[in-house]
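Thanks for coming. I will take a few minutes to go through one model, and the sequence and structure are up next.

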Number of protein chains: 2
Amino acid sequence: MSQPLRLGIAGLGTVGVGVVRIIRKQAALIEARTGRPITITAVSARSRDKDRGVSLSGYAWEDDPVALAKRDDVDVFVELMGGDEGPAKDATEAALASGKDVVTANKALLAIHGQALAEQAEAAGCLIRYEAAVAGGIPVIKALTESLAGNEITRVMGVMNGTCNYILTRMEETGNGYNSLFEEAEALGYLEADPNLDVGGIDAAHKLAILSSIAFGTQVDFDGIEIEGIQRVSIDDILAAANMGYKIKLLGVAQMTGRGLEQRMQPCLVPDSSPLGQLAGGTNMIVLEGDAIGQIVLRGPGAGEGPTASAVMSDICDIARGWHGPVFGQKATTLASATAALSQRPAAFYLRMGLLDKPGALAKVATVLGEAGISIDRMRQTEHRSDQAPVLIVTHKCSRTALDEALDAMAHTGVLASDPVALRIEDL
Amino acid sequence: MSQPLRLGIAGLGTVGVGVVRIIRKQAALIEARTGRPITITAVSARSRDKDRGVSLSGYAWEDDPVALAKRDDVDVFVELMGGDEGPAKDATEAALASGKDVVTANKALLAIHGQALAEQAEAAGCLIRYEAAVAGGIPVIKALTESLAGNEITRVMGVMNGTCNYILTRMEETGNGYNSLFEEAEALGYLEADPNLDVGGIDAAHKLAILSSIAFGTQVDFDGIEIEGIQRVSIDDILAAANMGYKIKLLGVAQMTGRGLEQRMQPCLVPDSSPLGQLAGGTNMIVLEGDAIGQIVLRGPGAGEGPTASAVMSDICDIARGWHGPVFGQKATTLASATAALSQRPAAFYLRMGLLDKPGALAKVATVLGEAGISIDRMRQTEHRSDQAPVLIVTHKCSRTALDEALDAMAHTGVLASDPVALRIEDL
């Protein structure tokens, strides 16, 4: 096992440069741990001349990542370009077609094309590893695939997009609205080139789709996720939730039910004393639940050069040590086709509404809820604002269908000053 | 890869029975994940007739675990007996001598004999895996060995004994003293047969010794750990710490320093808003820090049938998939001999003392601290109790040596009503 493991790295942005840095800095340590040297043969990026603050001397240069992926002197193709189409996909396919293992941080590619790529890889006897694709430095792929291999997974959930969590945390801290904090995050460089990937929940949903596949033995089903971003989370809701002992998080949840696979990525309330409730700023957190283990919680940096490169190195070191296994925890050809199921699992809900200043308005709302079979855990009416009476309600557990019926009936009572806000409260 | 992996399980207590249950219940799921069936060939325990609530039919019985370990029809010897000498050690050595891989949950065995066993295993081309030995269901061995393989580890710390954390949490909740909560934990069956293993910090120190070896590439050095149990933690300190925004935890910390390896297992203060501070009850938490990843936090059940068996299954499934690697993250023969270094890293300290009711008493204490170069971050004198004035001090960072000198000088001022309590405040 003293032959070097030779890498070809495509993409020299933050993460690619981080990987190069680690391989140069920790060569001896890594060789002691994996039993063989890990070397870089060739690299590829859009611009050859850019100063990246790290020496690329000694590495061959390829303008075309596909050419890089096919090189005979590359054992592992490290795909750090990103994007679910174009060069990342082409080069990954080329690497697999050339019999090479692939390490990638590309959540979009796997969420959209994971099944086809996994089938291609496994037919060719190659690996695809992607610890860095989900929750940055948090070792969730390994924990789910390997550490929980003896468990029937019952639920996977987490805060998987640091930018959204940063915005929501800062909204509560500052009392400012979404737009103001969106601008702050943008100024800090926290947003993707297409900000909707972050604030629209798409990036986090890509990650959830990957976790669901491993957890439940189903083909990656990104389209089956109910996705709602944080753009409509109002500062009023954040403050009202805080006042009642909750935080609002963009929370991903996946569960297998009798009717199919529920996957949700949406703003939810969680108790502020829970690990998820206490997660402030850009940190990520994943909660894994299994029939034997109960619950484990993994917390760490979800992005950034060092943490993401650390996760990429974890995959590379595993390959150097001879790791092998299927892409999504079991053979791709044995993964079941996922049946997407809208969430019908009863939950408590948080409701906020403005009532017109009319006698009996609150009674009408309460009556509508009662008629839908929804009982009220807590209700608060706060001081009037102009002509509205703000009302907060936390329901006992009810189905989303019953709630939607009640909201619909409420709209016909003539006492609402505006559409009510309804957010799920996730059980922890 | 369709040949079954055949286990011989020695020890049918809580964990052993848990492993049998999982293998019977999840056979199909595990085979889908690992690519081969996992079967039990033979079992061994002290009493054959005990009703364990799980069927052992179909498994051969061995009275002698050494005989079990040598059976030709066993591929992996699963050691769940416990104890650092006697049958566990003998059978583990016999298994390795017969060329079999070993999975164990035995922290004491590895903390005391880990180096010799690792050398034996690696010389024979065998594995020893032990995810369940540290922090139960938390996948910390895997995270440290595999997920952080590209990192220079800078610090490992954590709450690794659920019983101690339970007692400390309940002391704060109830306001009762240590003895009362020790009895409560005993009544609940939370204590080892020798309670000093728990409350004396020994069990947690066994775990820390194992983590240190992997983290820093050193031979397991249990004797190099500064160990202090929780027996002397008083309810006064818990309440005073809470009052100043801290929790007291039995915290294990390992760091490599220029002078050698610091390993401490002792009661420390941590900010109550930190993940460690928020850890209540019997749950465990491990914090891993590396140069690339920064910090990750792993939280989960540290004991119990399901979680511990889940960790054992993780190792078994890895072996079924063909995992191989050295026992402590790099070849045992390359592990450095650890030089134990007492902690000289500056830290803030919490001091509690009773002063005699004399004019100038507080000034004398402050003067002594100042003369030792220790500056005071916060000081509180609370209402007198009988003839004493209770004083709480939080220092700025200072060395333990300077603090010990100050405490010594303080003893000669004639103003102390009793020996001061000094507890380290760990940086998080």
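Let me start with B:Ala135, which is found in the loop between S6 and helix H6 (140-147) of chain B. Helices (H or I, at least four residues) and strands (E, at least two) are DSSP runs, numbered from the N terminus. The phi of B:Ala135 is positive, about 60 degrees, although the residue is not a glycine. With a relative accessible area of 0%, B:Ala135 is buried; buried means under 20% relative accessible area, exposed over 50%, and partly exposed in between, with a 1.4 Å probe and protein chains only.

Before going on, some conventions. This is a predicted model, in which local features need pLDDT of at least 70 and side-chain atom pairs count only at pLDDT 80 or more, while totals for chains, interfaces and linings use all residues. Residues are numbered from 1 along each chain as its sequence is written, chains are lettered from A and ligands numbered from 1 in the order in which they are written, and side-chain values use heavy atoms, with hydrogens and water left out.

In chain A, A:Ala135 also has a positive phi of about 60 degrees without being a glycine. A:Ala135 counts as buried, at 0% relative accessibility.

How are the two chains related?

Next, strand S10 (residues 260-271) of chain A. Eleven of its twelve residues are buried, so S10 is largely enclosed by the rest of the structure. Which strands pair with it? Pairing requires that DSSP finds at least two bridges between two strands. S9 (residues 246-257) of chain A pairs with S10(A) in the antiparallel sense over twelve bridges, and the two form a hairpin with two residues between them. In that pair, A:Tyr246 stands opposite A:Pro271. S8 (residues 226-227) of chain A pairs with S10(A) in the parallel sense over two bridges, with A:Ile227 opposite A:Met265. S16 (residues 421-425) of chain A is also parallel to S10(A), over two bridges, and here A:Cys268 stands opposite A:Arg424.

That is what I had.
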